[in-house]
Amino acid sequence: MPSLDSTQSILEAAMRGAWQRQTLLTNNIANANTPGYLREDVNFQGELSSAMGNEESPEGVSFQPEVQPQVVSPNGNGVSVDQESALLAENGLLYQALTQVLGAHDATLRAAMGL
């Protein structure tokens, strides 16, 4: 059954994507000294935007991790701890903003229903 308000499902999908990205970024940092390790990331914003442009349900969007091309060190590792740490902080702030927006949306719906 289609929802009258897709805002909540879009926010939840974005939070799911941000959580997956957070996991990948922490894995990258954990493997910073692993020979041959190539960093992974997920473009959940692009995938979610594409799905919405194709009028797909946000609940069905599957975020696929991708190996990111990087300058590799002599041991074949493509992770910069400084870069990953900055991306981790940025993504954490995005997740926090998404949770606040979802909370405000929920409060608006409750107020509209008189709860």
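Among contacts in the chain (heavy atoms within 4.5 Å) between residues at least 6 apart in sequence, 74% join residues at least 24 apart. The model is predicted: local features need pLDDT of at least 70, side-chain atom pairs count only at pLDDT 80 or more, and totals for chains, interfaces and linings use all residues. Residues are numbered from 1 along each chain as its sequence is written, and side-chain values use heavy atoms, with hydrogens and water left out.

The chain holds 3 helices and 2 strands, where helices (H or I, at least four residues) and strands (E, at least two) are DSSP runs numbered from the N terminus. Their order from the N terminus is α-β-α-β-α. The radius of gyration, taken over C-alpha atoms, is 17 Å, well over the 13 Å that the globule rule (2.2 Å times the number of residues to the power 0.38) gives for 115 residues, so the chain is more spread out than a compact globule.

The table lists two values for the whole chain.

| Property | Value |
|---|---|
| C-alpha span along principal axes | about 60 × 25 × 15 Å |
| Share of the 115 residues that is buried | 28% |

Buried means under 20% relative accessible area with a 1.4 Å probe, counting protein chains only.

Just after helix 3, glycine 114 adopts a positive phi of about 75 degrees.

Notes. Buried < 20%, exposed > 50% of the residue type's maximum accessible area, 1.4 Å probe, protein only.
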